[in-house]
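Work through the exercises below with the sequence and the coordinates open. Each task is followed by a solution in steps.

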Amino acid sequence: MKKTVGSMVAIATISIAAGDINTPHERIAETNSTTPVFENGIFNRVHFKGDLRLRYESIERDDADNTYRNRYRLRLGVKIDLLDNLHFDVGMRSGFGNPTSGNQTFLDDEALGDYFFQSLRFNVLGFTYTSGNATYKIGREPYMMYRPIKSQLVWDNDVSMNGVNYQYKDDIQTITLGINEPTLEENSVAENNVYLFLAQYVHQTKLDFAKLNLGAGIYYYDGLKGNTELFGKSKGNTVTNGRYVNNYHLAEGFGELQFNDVWGMPFTVAVGFVYNVAADTDNFGYDLAFQLGKAKHVGDWQVKYSYTDLQEDAALGAYTDSDNFGGGTAARGHAIRVKYKFSEHTYFTGNFFFDKLYESKSKVAGMEPNYERVQLDAIVKF
């Protein structure tokens, strides 16, 4: 009860305070300056951004004790304009270096000061170079792959790439290529190095009433089969004695139709699938989703529904959605996500998951437990 009351007070406080915070940018990569660097003063070359999210969360499942907790996520970012088209990006996130989450649980038996700043870790540290329609990223940078309606079938929202990545984008197509090393993540405990080679192509077609996006991707992990778990947990993937039984060579395909106006609001519907060609069984997953509205202006709202079914070895569980299914693979179910823009810099969101875990992921043998999760958030961006 003490945690719940404290969380609600904090939510009210940040909502009132939000009016004095500068307009945010969603990601460091999207923060652009239209004025040439050398026409700016030194301080105009440095761009700060960040956000704070407070969350109340409940997790109820048939095969384990229920969990109720209050959490926060703090993200801080800086983009430094070295040249007009060369930027140095730095980002830190709470959560002690979790590659797919910045959440940190408030602890009753510890003072906030004992872990608030200690949990911050670098999740972005690299360079971005742009030339015409091309963008190059070197170092630890946010993912560049396109995801229909921000699908997390293959990639969690918080994943960063560790390597060299390239993207070409114009009005018709988007091409993304990259070479990365997931074992460069701070929390990686894999016995041997793992490399990720990625390629994705998206074709955009403008229709009279909508825009159609069709895409395909290949994500080739080298070094997983026989290796120890990447971050110390199987996350639904098939393992024996803590070692991956399969490799993960993933083929992705998706279609997305973005309608201009349905009931006076934008409406998007999408379907996507992933298939692991390196596994003989339990290697397929798909996602069906739609979203109505977009929380862009004060008073706007949006709602997204998705149904996801992800077999054990269809994707690498370490990088899939960390909220749905409790993270990872080996489950199927419904997700409802709502978002409301309360003020210029404050959002209220709610995420509701109604899932069925596969028997392989159950804590009780022979059981496919229900998994229900609720997240209520208040977010301030600055």
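The model is predicted.

**Exercise 1. Describe the lining of the second largest pocket by element and by residue class.**

Step 1. Start with the volume, which for the second largest pocket is about 990 Å³.

Step 2. List the lining. The second largest pocket is lined by 34 residues, and those nearest its centre are Lys-233, Lys-235, Ser-322, Gly-326 and Gly-327.

Step 3. Assign the lining to elements. At least two residues each come from β1 (46-61), β2 (67-83) and β19 (370-381). The most is given by β2, with three residues.

Step 4. Sort the lining by class. There are 16 polar, eleven charged and seven nonpolar residues.

**Exercise 2. Classify the ring pair of Phe-290 and Tyr-305 as stacked, tilted or edge-to-face.**

Step 1. A pair of aromatic rings is described by the distance of the centres and the angle of the planes. The count for the model comes to 20 aromatic pairs.

Step 2. For Phe-290 and Tyr-305, the ring centres are 5.8 Å apart, and pairing requires centres within 6.5 Å.

Step 3. The planes stand at 40 degrees, so the pair is tilted. The cut-offs are under 30 degrees for stacked and over 60 for edge-to-face.

Step 4. Locate the partners. Phe-290 is in strand β15 (residues 284-293) and Tyr-305 in strand β16 (residues 301-310), 15 residues apart, and the pair links distant parts of the chain.

Step 5. Check the surroundings. Phe-290 and Tyr-305 belong to one aromatic cluster, together with Phe-209, Phe-259 and Phe-267.

**Exercise 3. Are Phe-290 and Tyr-305 buried, partly exposed or exposed?**

Step 1. Buried means under 20% relative accessible area, and exposed means over 50%.

Step 2. Phe-290 has a relative accessible area of 34%, so Phe-290 is partly exposed.

Step 3. Tyr-305 has 25% relative accessibility and therefore also counts as partly exposed.

Step 4. For the chain, 49% of the 382 residues count as buried.

**Exercise 4. Which lysines lie over the ring of Tyr-347?**

Step 1. The cut-off for a Lys is NZ within 6 Å of the ring centre and within 35 degrees of the ring normal.

Step 2. Lys-339 has its charged end over the Tyr-347 ring, 4.7 Å from the centre.

Step 3. Lys-381 lies over the face of Tyr-347 as well, at 5.1 Å from the ring centre.

**Exercise 5. State how many helices and strands the chain has, and the share of its contacts made by residues 24 or more positions apart.**

Step 1. The chain has 19 strands and one helix.

Step 2. Among contacts with a separation of 6 or more, residues 24 or more positions apart account for 60%.

Conventions
Residues numbered from 1 in each chain as written. Predicted model: local features only at pLDDT ≥ 70, side-chain atom pairs only at ≥ 80, totals over all residues. Heavy atoms only, no water. 1 Å grid on protein atoms, 1.4 Å probe; cavity = no way out; pocket = protein on both sides within 12 Å on 5 of 7 lines; lining within 4 Å. Points joined across faces, edges and corners; volume = space filled by probe spheres on them. Helix = DSSP H or I, 4+ residues; strand = E, 2+ residues; numbered from the N terminus. Nonpolar A, V, L, I, M, F, W, Y, C, P; charged D, E, K, R; others polar. Phe/Tyr/Trp six-rings, centres within 6.5 Å; stacked < 30°, edge-to-face > 60°. Buried < 20%, exposed > 50% of the residue type's maximum accessible area, 1.4 Å probe, protein only. Contact = heavy atoms within 4.5 Å.
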